[in-house]
Structures are given as C-alpha cells and as structure tokens.
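Thanks, everyone, for making the time.

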Amino acid sequence: MSFQRISLQEFDEKFSSLPELSSVAIGGRVVAVSDEFFAEAFHLLLVEPAPSMKGQFGPNGALYSGWETRRHNPTYDWCIIQLGTFGTLDGFDVDTSNFNGNEAPAVSIYALHEPELKDPTNDDTRWVEILATAELGPNSRHLFKISATSPVNYVKIHMYPDGGIARFRAYGRVVPVHPSTPTPFDLAHVFAGGRVLRVSDQHFGVGSNLILPGRGKNMGDGWETKRSRTKGHNDWVVLQLGAPGELTEVELDTKHFLGNFPDSCEVHATLSKNDFDQGTTPSLSDDWTLILPRTKLGPDRQHYFELDNVKNRTYTHVRVTIYPDGGLKRIRVVGRKVETASSSLASIVSVPPSVDMAHNTAIPVVPLTSEEFAPFGQVIQADADPSARQNAVKVTPANGGTADKYHKLSLLTSSYPEGTSATTGISVYRCRPLQEISNGTTILKALERHPFTSQAFIPMGCSRKEEEIADNYLVVVGLNGEDNRPDIKSLKAFVASTAQGISYNAGIWHQPMTVLGKSLDLVCVETQIGDGSPHDCEVVDLDSSSPIILKLDL
C-alpha cells in the first residue's frame, strides 16, 4: 500500500488527535517475534520515549531500549503485535532512536482482522500489506501516513533484513464499544471512541494520555504542561466524546502529581453538529456552556464532580481548563449516550429527557474528597502518602518519631446566643445500616442543620463482636436557600470510607448519619444545649411527591 512520509513538524496536525492503538497502555502486546537476541520486542510498545543506554552492556552485548535482532538475516525479521482494541489505522511512527549503525534499514507493515482474538502466525494467509517497504535511517523517528484501513486488531512488522527499532506506534481510530442499554458510562474513554483533539501545551506529558484505561504508573503517562510565568495564565484540553451524550459527572484524577497538580479547574461543554466524525475541533470562541465552575483540586487523588447545566441537554465535546498549569492523570466524563439518526448530528433538534430525571431530582453519590466537600465543611483524614497532603495542612513528627501529627484539620466553632448554656462535648452515634435501597438507589427523606455549631463525626468501628464493621457511610450536604430551607440545587452526595471523618460547618444542611452495608459507631463532637431546643438542630422533611433520588450504584 502506498504511503506518505510526514515530517515531525506535521505530527500534531496528522497524528496527535489519534489514539495510539498499539500502546501497552491500552493493552497492546507482542504476540510472537522471529528473533530478539539483543533487545526484547516488548520495548516497541512502551509509552515513554526510548532512553539512551550508551555504555551499558549485558550478557549478549550492548543494551538498548527497543527491539534488536541478530546480524545477517538473509530475508527479514518479523514481529506480530496485537493492538489494544479494534480500530482503523491511519499511520505509524517507526522510531530508531539510539540505534546508529545497527538500525533496521527498512520496514513494511501488514495487518489483519481476527474476530475471535486467536493469535495469527507469521504465515497466516490473511495478512494484508498496509505499508509498502519503506527505508529507515539511524537514530530518528519516521512518520508514515496511509489511507485509512478497514477495522483490524493485529499488525506485523517486517524488518529488512535485521537490526533495531526503538519504538513502534500505530495511530488510528477506535471501533467504539458502548453499552447496549442506556446506562451511564465514560463517554470520553479511548475504548468508547473518545479523542483528545487539542491541547494548549503538553511539554511534559501528552494530552492523549488523559483518556487511557486505568490510573497509570507515574507522572509520565499523564498530561502535564510547562510552568507558566504569566499572571492569569491557564492551560486547556479539548475532548471529543465517543458519542453525543447527556452528561452527569466528571472525574479529574491527579494521581502521582504531588507538587505539580493544578490549583483549580473548570469544565465547559458544547454540542457540535458539524463534522463530528472527522474530529473537527470546535473553536474556543464557539458556544461553550460552563458545566463545572472553577473548583479547587488537590494532589494525588480522584476528584468527582456533579455537573451543572446538563439536564436534558446533549453535548459532543468537553473542554477542561486548568489554572494556572500542572498535570492531570485522567479525565472521565460520565453520561448516557444519545442515539441520533446521523452520527454527524445534523438531525439533532431537541433532546428527550432522561427517564429518571424527567420528574425527580437524581443525585449521584461520589467518593468523598476534601476539595469537593470544602463548601460544606472539612474532611478529617491523614493522607495515605504524607507528601500528597495539602500545603495548608501542618504535619509534624510526634511520639518520639513513631507518628505524624496532622494539625487542626478542622476547628470547633460555636456561636450560640449568650445565656443558652451550650457546652461542647463528645457523643457516640451507634448507626444501623440503611435498609431502604432498591436497584442501587435510595430516597433522601429529610435534612437537618445546626445553626450555631460545627458538628464532626469520626468513625470508630463497632463494639459489638457479633456484627461486622461498615466499610463506608453516606454524606449528603446542601447550602441554605433564600427561604431559609435547603437549596435543593446545591445538594451533593458522597460516600466516605471509615478512614475519613467529616465536620459540617455551622448551618450546613445534611442528611442524618447514614451507614451503608454494616453497623458503625461514630464519635460526634459538637456544642449543644441538649434539651431539644431548635438552637441545637432544625429538621426539614422533604416533599415525598417529588423525591430526591440518591444514585448509590455510581
């Protein structure tokens, strides 16, 4: 098959928005190889660029990060690779970095489609040439653009006649995998057909890493921008979803980014009706809707956010803006796929409402983190990795060096009127598990608040030997509305682990303590009069005719 050589300067235009289908990061693997005497072929699929190993030797000779075969093969060496997923191929990066004098002089590439995932052999008659023999040079990257193939899941490299290749990257378009039922899923995921179309900067880590499976292994397989030196600077990334969708939540993961996570972020979305299949990037001046206001982020953690301005609306693209710069590991955009008559979206006029949102309010329950909980109070927790703590938290050695003290994670506050005889004390709530759960949902029936005191709850296990200790508990919070009742639009729901305590700010509406699965004792620290006075606690029963649904299955 004919091909076009692409310069490195054209890489962003031709390949940067296409997933690397051969990468080990999405499940690419070496199936079989003719020879790998000097260097093993698995190196071909690694995410990171090939490092120089000059001056290092092993039992067979000089060491290389790449695939290197014996000398003097009279025909060719070959390597069979299974792609991480089915897809159509648009081009390749054949990289001979650090191979100089022992590089592969030329390659050709073949592909096939094996629906049963039975590994093909070198002599399988189904192999079709998709890149005709192309010459290579030493210590350089070679980019080849081809006409898009039909869907394939195996490729084979022929190396003429022998030598070394550092990295092999096959770029293309994923054949998307979507649920057969209208259930929420990550619409931005690479396997769902999501794509990273544009980024403002990717100095340390490329934007395409943001939609890969899993949470990666280090900072190198995330997206990281250079340090900014300009006041008011921000960086951004534009994602095309794998299908038009009604969005509900977004997850922003800063795993491994400890001192270089973004300070804050915001998220916009848009509906693009033009050239959706072609990966055309909407202009930054287009009609973008703010779906997550600017929000603080923290180090080395998953942040889950319920989205605004998404009810009964369809979006195709998401733009995540970080302030002022830094690194993100993954972005997950959860929603329901909207079926359309045309994938180009030209036929979209209006969008039918989701069934569960048509008449009721549905709130997803997401894992508790200090950033998301900050408008309502504090999370009382010692980080698993002390280096991942927020800068505002003071940590010092204690107990002769056998412990670390996390200082003043939450302050006790009280503003009772004079003469009310309120005192601060410690109580224990013995909580039995929630029973009213059906199909992964439960109904929020009541909210309470304490107008004059903060209130902290700290899990302490279960003192009854015959019962097991709960793994987590439910936290539902909201701000006060103009009518001095809960502002329903502000409600957030979290699941907290028993390694996390919480402290509600004074006046924050919250669900009475609710334990999931098993019994749990919780210490409560609060100031109160203790005689049933409304100064201590106000309770509001919610309207049962318009129930608020908590989606525990998420």
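Let me begin with Thr441, which is partly exposed at a relative accessible area of 24%, where buried means under 20%, exposed over 50% and partly exposed in between, computed with a 1.4 Å probe on protein chains only. Before going further, please note that this is a predicted model, in which local features need pLDDT of at least 70 and side-chain atom pairs count only at pLDDT 80 or more, while totals for chains, interfaces and linings use all residues. Residues are numbered from 1 along each chain as its sequence is written, and side-chain values use heavy atoms, with hydrogens and water left out.

Leaving aside neighbours within four places in sequence, Thr441 is in contact (heavy atoms within 4.5 Å) with Glu436, Ile549, Leu550, Lys551 and Leu552. A polar atom of the Thr441 side chain also lies 2.8 Å from the backbone oxygen of Ser438.

Finally, how many disulfides does the structure hold? Taking a disulfide as a pair of cysteine sulfur atoms within 2.5 Å, the count is zero. Cys431, which is buried with a relative accessible area of 7%, has its nearest cysteine sulfur, that of Cys524, 9.9 Å away.

Methods: Polar contact = N/O pair within 3.5 Å; in protein donor to acceptor, adjacent residues only side chain to side chain.
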